[in-house]
2 protein chains.
Amino acid sequence: MRNLKSSSILQANPEFFLPGISIDCVVIAYDLNQINILLNKLEVLDLWMLPGGFIFQDEDMDQAATRILEERTGIKLPYMKQFYTFGDVNRRDRTRITLFDGRKDKAYLRFRKFLEQRFISSGYLSLVDMRDCHPTPDILSDECTWHPFNKLPELIYDHGEIVNKAMEELRRWINYMPVGMSLLPEKFTMKDFQILYEQILDRELDRGNFQKKMLKLGFLDRHEKQLSGGAHKAPYLYSFNEKKYNELVEKGIGYINS
Amino acid sequence: MRNLKSSSILQANPEFFLPGISIDCVVIAYDLNQINILLNKLEVLDLWMLPGGFIFQDEDMDQAATRILEERTGIKLPYMKQFYTFGDVNRRDRTRITLFDGRKDKAYLRFRKFLEQRFISSGYLSLVDMRDCHPTPDILSDECTWHPFNKLPELIYDHGEIVNKAMEELRRWINYMPVGMSLLPEKFTMKDFQILYEQILDRELDRGNFQKKMLKLGFLDRHEKQLSGGAHKAPYLYSFNEKKYNELVEKGIGYINS
DNA sequence: ACAAAAGTGTTATCCTTACACCCATGT
DNA sequence: ACATGGGTGTAAGGATAACACTTTTGT
């Protein structure tokens with residue numbers, strides 16, 4: 001039997017939640033070559049969806065998003081940003097599902113009614129280090145796993161759209177988000193950093209210029225060389241100077257163009 | 001007696017609206033020297049608020065925002081962009097008001113109950129030409145008027161915060177919004193255009209560089225000279241080449257730095 | 001003639017871009 | 001030795017920023 005979390009929607013009375021408002025989280029991580037998105041798989045049905053949840057009556061919306069993210073990822077206070085609220089009437093029309101179909105008890109019927117209302121959903125974008133993450137399915141799901149962004153399965157409702165909007169947001173705000181520090185491990189090579197940017201921006205960048213630009217910005221600490229395994233000069237390892245990095249991210253790190 | 005609009009919240013049954021979700025609109029216009037915001041003044045109470053409203057059960061959130069904006073401004077399909085959703089529990093704590101206090105009839109009590117729930121509110125930013133605008137108060141208000149952005153009165157609830165967030169959004173996205181074409185009249189001088197940018201960015205720009213930059217971008221048509229009244233060379237009048245301007249706004253007009 | 005503001009030109013400086021070059025390493 | 005990829009250098013072109021110069025107009 002799986003552990004039930006505090007916000008497990010089957011335990012709680014739906015009266016505890018704000019009606020008609022949900023939260024969907026696009027959790028982004030980077031696995032040394034690929035951008036990954038965290039997905040839940042609905043029990044029984046073979047349907048994938050974004051991790052999400054509802055807002056308690058006495059809870060700020062941001063608090064709810066933080067709670068949901070912490071429960072799914074196991075990370076304390078992950079980087080997080082609300083990016084858009086989806087309010088189309090027909091946003092669920094793509095998928096027709098009926099939950100709990102065998103069951104007739106009051107609690108289930110009550111929840112079914114709660115879940116079947118029209119929902120407006122706020123999308124939150126989160127950037128996490130995959131290595132710190134312990135993906136945990138919610139109570140309606142039996143899997144919670146990473147999926148490469150360019151090989152996503154079919155998603156429920158409008159969740160595909162939500163992911164796309166999140167990626168667009170990431171691209172546009174790349175200079176104003178702690179992309180590197182949130183997604184990369186403690187130590188990394190310049191190549192790692194560059195590929196991350198290439199994946200997000202979806203285009204190739206010039207190696208030499210990227211290196212010089214980032215070094216000139218002055219938020220990288222260089223460490224001893226990696227005694228690497230390739231038939232070539234071993235690359236340096238770098239890490240972020242947290243203070244300088246955050247200052248620069250506030251103002252906006254200069255564009256990377258090539 | 002004021003005309004009641006279709007969405008007049010006192011006419012309609014509150015059951016027609018989604019519960020707990022509202023829309024607040026930051027309508028921005030430019031009056032040849034100043035940025036102005038459209039505000040409603042609540043009846044009886046001396047309180048100013050953003051124009052806003054609720055979402056019908058069968059209505060997209062964007063449709064609702066469009067409807068509200070059209071009713072308040074009289075403009076058909078104004079430029080509009082959802083920019084943030086405000087969901088703090090205590091977002092109304094700054095102002096304590098009790099509406100309809102004398103009245104006891106059922107319809108009023110029902111509405112009072114509706115209005116007193118906790119609301120999550122989506123903020124929409126809209127840019128309009130002041131000269132095309134016919135500000136119309138909603139049914140709870142007796143005034144709907146423009147207020148210079150730098151002399152705003154005290155606003156209800158968290159509406160001050162909402163305005164600030166909208167202006168921040170405008171500043172950051174200035175290169176991706178049709179700022180000029182939405183806010184300026186059909187024909188305008190380069191000075192008008194520059195002051196608009198200066199007001200938004202809140203800093204002075206170099207006159208010569210601004211002129212050259214904008215002309216080089218190629219979306220301005222130059223007309224005959226204005227036979228102006230000043231003791232100086234008369235400025236040209238310009239207008240936007242709609243097609244070229246919109247193309248450039250899509251990609252992002254280059255920054256203006258000085 | 002003069003002041004004021006519009007339109008345009010000039011220059012130093014910086015950033016971007018596209019490479020080229022050398023270096024360290026494992027085979 | 002050599003292929004491979006890391007780190008750095010360079011030179012052309014473009015953009016930016018600061019300011020100067022010229023033009024037009026009303027008084």
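Guide: Buried means under 20% relative accessible area, exposed over 50%, and partly exposed in between (1.4 Å probe, protein chains only). This is a predicted model, in which local features need pLDDT of at least 70 and side-chain atom pairs count only at pLDDT 80 or more, while totals for chains, interfaces and linings use all residues. Residues are numbered from 1 along each chain as its sequence is written, chains are lettered from A and ligands numbered from 1 in the order in which they are written, and side-chain values use heavy atoms, with hydrogens and water left out.

Visitor: Does A:Ala107 count as buried, partly exposed or exposed, and why?

Guide: A:Ala107 sits in helix H2 of chain A, residues 106–116; helices (H or I, at least four residues) and strands (E, at least two) are DSSP runs, numbered from the N terminus. A:Asn13 is 94 residues away from A:Ala107 in sequence, yet their C-alpha atoms are 8.1 Å apart. Because its relative accessibility is 33%, A:Ala107 counts as partly exposed.

Visitor: And A:Ser141, is that buried or exposed, and why?

Guide: A:Ser141 belongs to strand S7 of chain A, residues 141–148. Its side chain makes a polar contact with the side chain of A:Asp138 at 2.8 Å; such a contact is a pair of N or O atoms within 3.5 Å, where within protein one must be able to donate a hydrogen and the other to accept it, and residues adjacent in sequence count only if both atoms are side-chain atoms. Because its relative accessibility is 0%, A:Ser141 counts as buried.

Visitor: What share of the residues of chain A count as buried?

Guide: Chain A has seven helices and nine strands, and its C-alpha trace spans about 65 × 35 × 30 Å along the principal axes. Of the 258 residues of chain A, the share that counts as buried is 53%.

Visitor: Which element gives the most to the surface near DNA strand D?

Guide: The residues that surround DNA strand D number 23; a residue is near a strand if one of its heavy atoms lies within 4 Å of it. Helix H6 (207–217) of chain A and helix H6 (207–217) of chain B each supply at least two residues of that surface. With five residues, the element that gives the most is H6(A).

Visitor: Which residue has a polar backbone atom 2.7 Å from a base oxygen of DNA strand D?

Guide: A phosphate oxygen of DNA strand D is 3.2 Å from a side-chain N or O atom of A:Arg222. The polar backbone atom 2.7 Å from a base oxygen belongs to A:Ala231.

Visitor: What area is buried between chain B and chain A?

Guide: In contact, meaning heavy atoms within 4.5 Å, are 27 residues of chain B and 27 residues of chain A. Buried area is the accessible area (1.4 Å probe) that two parts lose on being put together, summed over both. Carbon and sulfur atoms give 53% of it, and the total is about 2,000 Å².

Visitor: How many salt bridges does the rule find across the interface of chain B and chain A?

Guide: A salt bridge is a side-chain nitrogen of Lys or Arg within 4 Å of a carboxyl oxygen of Asp or Glu. The rule finds 11 residue pairs in polar contact across this interface, both at pLDDT 80 or more. For salt bridges the count is zero.
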